[in-house]
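Work through the exercises below with the structure in view. Each task is followed by a solution in steps.

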Amino acid sequence: MERSPNRSRTAGVLVRLGLLLAGAMVASAHPGSSIVVDSQGQVYFVDTGQGVWKLDRQGRLTLIHKLGYHWMAIDDKGLFAKSNALGDFDRGSFERITPAGAAPALIISSDYPIEVGADGGLYYVPFQPQRLRELVRRTSEGARSVFARLPADPGDKPMLWVNGIAAGPAGSLYITDNDTVRKIDRNGTVSTFREAIQAPGCPAPLPDTPKLPYLRGLAVAPDGTVYAAANGCRSLIEIRAQGPIRTVLEAQSPWSPTGVALAGNDIYVLEYLHTPGDNRREWIPRVRKIAAGGRVTILATVEREKK
């Protein structure tokens with residue numbers, strides 16, 4: 001049975017409020033960090049203050065959903081297009097926002113970064129305060145399994161979730177912590193891709209963020225190169241398994257990247273206007289594109305209606 005939009009929205013709000021009251025998700029006080037590109041070159045991104053936007057190839061910006069969650073994933077094969085396996089579970093809310101049967105399908109998540117892997121499973125790391133973090137796989141039929149267990153964070157304030165997740169080559173998945181990128185291969189083996197990551201220069205660090213560079217959204221190229229939004233350092237960085245870390249794009253205060261997507265040789269970056277406080281309507285998103293030759297253009301900036 002399809003869940004009604006009102007029921008889904010109410011349930012999602014209740015879940016998020018419960019997490020906030022429990023002090024679970026510090027990251028919920030920050031703008032969303034998901035941007036995806038479909039095979040037609042259409043861009044979709046989350047707007048925590050308003051919903052989900054679609055930017056078509058002609059540059060037209062359309063609000064396609066009014067639920068302002070933090071994360072989103074694209075299901076290119078449409079395995080979740082007719083699935084009833086989404087809903088409220090693992091302390092979060094997950095909802096398909098595209099019509100039943102439409103492919104690709106878009107899935108949004110209230111509290112955890114999500115990704116549809118090469119095998120068609122929906123992956124995420126739920127909040128578990130008393131146990132090691134687990135990478136969960138959920139199928140379109142509703143089967144749930146623990147795909148991998150992440151190593152304990154030795155820091156003074158251990159990570160209780162992940163900041164970003166993305167599919168990589170050969171069925172792999174990558175996740176971001178504040179200053180670490182980990183890789184999980186198709187067999188569930190976890191390795192550290194890079195740790196103690198520093199964004200070059202870190203100009204005008206974003207105040208009131210976790211440990212710098214505060215890595216959030218990420219994307220992985222076919223050769224395994226990782227692109228990560230160093231949200232705390234207002235930059236997009238390129239990370240390889242070895243060698244120097246390179247700044248690909250910088251944002252001027254009060255803007256800062258939160259998400260990134262790759263499409264061919266182009267890079268799409270989701271940035272937010274970071275303002276003090278928790279008024280999400282003031283968090284204005286924009287999309288910038290880095291073309292293969294390095295040219296940077298602003299594709300769209302959301303405009304709020306005055307009330």
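**Exercise 1.** In which loop is Pro254 found?

Solution. The model is a predicted one. Pro254 sits in the loop between β20 (246-250) and β21.

**Exercise 2.** Which residue does a cis peptide bond join to Leu212?

Solution. The partner is Pro213, and omega is about 10 degrees. Then place the proline: Pro213 belongs to the loop between β16 (190-194) and β17.

**Exercise 3.** Is Arg234 buried or exposed?

Solution. Start with the backbone: Arg234 is not a glycine, yet its phi is positive, about 55 degrees. Arg234 lies in the loop between β18 (226-230) and β19 (235-239). Its relative accessible area is 5%, and buried means under 20%. Arg234 is therefore buried.

**Exercise 4.** Which element gives the most residues to the lining of the largest pocket?

Solution. The largest pocket holds about 720 Å³ of space. Of its 35 lining residues, those closest to the centre include Val36, Ile74 and Glu115. Elements giving two or more residues to this lining include β1 (35-37), β5 (71-75) and β21 (255-263). β5 gives the most, with five residues. By class, the lining has 20 nonpolar, 10 polar and five charged residues.

How values were computed: Residues are numbered from 1 along each chain as its sequence is written. This is a predicted model: local features need pLDDT of at least 70, side-chain atom pairs count only at pLDDT 80 or more; totals for chains, interfaces and linings use all residues. Side-chain values use heavy atoms; hydrogens and water are left out. On a 1 Å grid over the protein atoms alone, a cavity is a set of points where a 1.4 Å probe fits but cannot get out, and a pocket is an open set with protein on both sides within 12 Å along at least five of seven lines; lining residues have an atom within 4 Å of a point. Grid points are joined across faces, edges and corners, and a volume is the space filled by probe spheres set on the points. Helices (H or I, at least four residues) and strands (E, at least two) are DSSP runs, numbered from the N terminus. Ala, Val, Leu, Ile, Met, Phe, Trp, Tyr, Cys and Pro count as nonpolar, Asp, Glu, Lys and Arg as charged, and the others, Gly among them, as polar. Buried means under 20% relative accessible area, exposed over 50%, partly exposed in between (1.4 Å probe, protein chains only).
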